[in-house]
Amino acid sequence: MNVILTTYQGAILGPVAKVLGYILQALYSLLSNFGIENTGICIILFTFIVNALMLPMQIKQQKFSKMSAIMNPEIQEIQKKYKNKKDQESQQKMSLETQAVYQKYGVSPASGCLPMLITFPILFALYRVIYNIPAYVPQIYDIYSGLAEQIQAAGITVEQLSDMVMAKTYVITDAVRSATESNDLSYYVDVLGQFNELAWKELMKSYPDLESVITNVSNTSKHINSFLGLNIADNPGIKSVSIIIPVLSVITQILSIKISMAGTKDTMNQNNNPTAASMKMMNNVMPIITGLMCFMFPIGVGIYWIAGNIFRIFQSLGINLYFKNMDMDAELEKNIEKAKRRYEKMGVDPNKAMQEIAKKRTSTISTNTTDSKNTKGDISKNVNSVKNSKSNYKTGGNKKYKEGSIASYANMMARDSNDKN
């Protein structure tokens, strides 16, 4: 039995999909021991497990967003200063000043991108596994392999078999293309695994001699693919109860986005922030696009999207509650202390390092506030000087901050700059 042959073989996603396939295989085997053989339930539990494994990266991403809310007033002032300066020297200065802000707070810009770079391959690989479950779960592969052998022996080609399926998924097109070079049995299984009720009827009509075998396999396939009265191999229809899948996909995604954004509103609601505007537009459009795409894919894919959205709803609620009770100023101080130790390990005097950072800052941001203080003392004193400056100032913009906090200081500078303008 050559199940591995038609698993996704991409250089990056291939190994990830293989690991996810082992998880799905183990999950299906575990449920089978309790008499549960249902791919719909497997998809839901599988989605929950994989998303739970990525939870630490999501927390790290959210933490970076919270810290960005504190740093953004300074970064936006730098961007505003160089807004109409497109020459190379100005762009380099803007980059240095922005980098200085990150260094001052002990935050790396990569810490916001790295979790996304890691989670995206996992999500794409997860989609590959969900779309071609027989290639990753031997027990499901075996359901179709006996019929595939008889179809192959009858002289039916993979291309002829694929003509019975209306929705030409990438699994089918890949199988047809690969079968021109090798008539391997696994390509027949790939196509049969994409069959819906109409395709099974067409196969039975075209090859009546195999009617009994086709009936047995189609019934078994319907059994393992049946979820709440729906066949997950079928596409949703507007005039069918299956329309609940696109509807739930849209609703759950909207809720997921709203709850997630509630935890990062300080970052995304900044004025004159083109990134925030683009993100807002994408968040409004994506649920509708996903709902329309549900009609183009089997119900199983829609279940996968809904399960992921539901998990992220509860995930966001938990993360928001976690960060609600976290002192972000204390976290920033920890980051600065880490930066100090990192400089010391590199054999660099942290005091001189901070002086260099201060030199990179410009008068627009630092002349009236931190330059004179950043050139004195160690990093710990730096933090204290930030907190003690403007100690009576309590609010930034329309939002209240803890008196003397780094967040209050950062937003104070944005206000002072606006007053000057």
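Biologist: Is Leu-228 buried or exposed?
Modeller: Leu-228 is exposed, because its relative accessible area is 75% and the cut-off for exposed is over 50%. Keep in mind that this is a predicted model.

Biologist: Where is Leu-228 found?
Modeller: In the loop between strand S1 (226-227) and strand S2 (230-231).

Biologist: What about phi of Leu-228?
Modeller: Phi is near 55° there. That is a positive value in a residue other than glycine.

Biologist: Let's zoom out. How many helices and strands does the chain have?
Modeller: The chain has 21 helices and four strands.

Biologist: And how much of the chain is buried?
Modeller: Buried residues make up 48% of the 421 residues.

Biologist: What share of the contacts links residues 24 or more positions apart?
Modeller: Take the contacts in the chain with a separation of 6 or more. Residues 24 or more positions apart account for 76% of them.

Biologist: Where does Phe-120 sit?
Modeller: Phe-120 is in helix H5 (residues 110-131). It is partly exposed, with a relative accessible area of 41%.

Biologist: New topic, salt bridges. How many are there in the whole structure?
Modeller: A search finds four salt bridges.

Biologist: Which residue does Glu-97 pair with?
Modeller: Glu-97 forms a salt bridge with Lys-81. The closest N and O atoms are 3.6 Å apart. This pair links distant parts of the chain, 16 residues apart. Glu-97 lies in helix H4 (residues 88-104), and Lys-81 lies in helix H3.

Biologist: What about Arg-177?
Modeller: Arg-177 forms a salt bridge with Asp-174, and the closest N and O atoms are 2.8 Å apart. Both lie in helix H8 (residues 170-179). They are three residues apart, about one turn of the helix. Asp-174 counts as partly exposed, at 26% relative accessibility.

Biologist: And Lys-201?
Modeller: Lys-201 forms a salt bridge with Glu-197. The closest N and O atoms there are 3.7 Å apart. The two residues are separated by about one helical turn, because they are four residues apart in helix H10 (residues 197-206). Glu-197 counts as partly exposed, with 33% relative accessibility.

Biologist: Now back to H3. How does H3 cross H15?
Modeller: The axes of helix H3 (residues 55-81) and helix H15 (residues 299-324) come within 11 Å and cross at roughly 50°. That makes H3 oblique to H15. H3 passes H15 in a right-handed crossing.

Biologist: Which residues meet there?
Modeller: Among them are Leu-55, Ile-59 and Lys-66 in H3. In H15, Ile-319, Tyr-322 and Phe-323 are among the residues they meet. The residues of this contact divide into five nonpolar, four polar and two charged.

Biologist: Last one. What about H2 and H3?
Modeller: The axes of helix H2 (residues 39-53) and H3 come within 4 Å and cross at roughly 50°. H2 and H3 are therefore oblique to each other. Asn-51, Ala-52 and Leu-53 of H2 make the contact with Leu-55, Pro-56 and Met-57 of H3.

Biologist: How many of those residues are charged?
Modeller: None are charged. The contact has five nonpolar residues and one polar.

Note on methods: Residues numbered from 1 in each chain as written. Predicted model: local features only at pLDDT ≥ 70, side-chain atom pairs only at ≥ 80, totals over all residues. Heavy atoms only, no water. Axes fitted to C-alpha atoms, helices over the stretch in contact; angles between N-to-C directions. Parallel < 35°, antiparallel > 145°, perpendicular 65-115°, else oblique. Left-handed = near helix turned anticlockwise from the far one by under 90°. Contact = heavy atoms within 4.5 Å. Nonpolar A, V, L, I, M, F, W, Y, C, P; charged D, E, K, R; others polar. Salt bridge = Lys/Arg side-chain N within 4 Å of Asp/Glu carboxyl O. Buried < 20%, exposed > 50% of the residue type's maximum accessible area, 1.4 Å probe, protein only.
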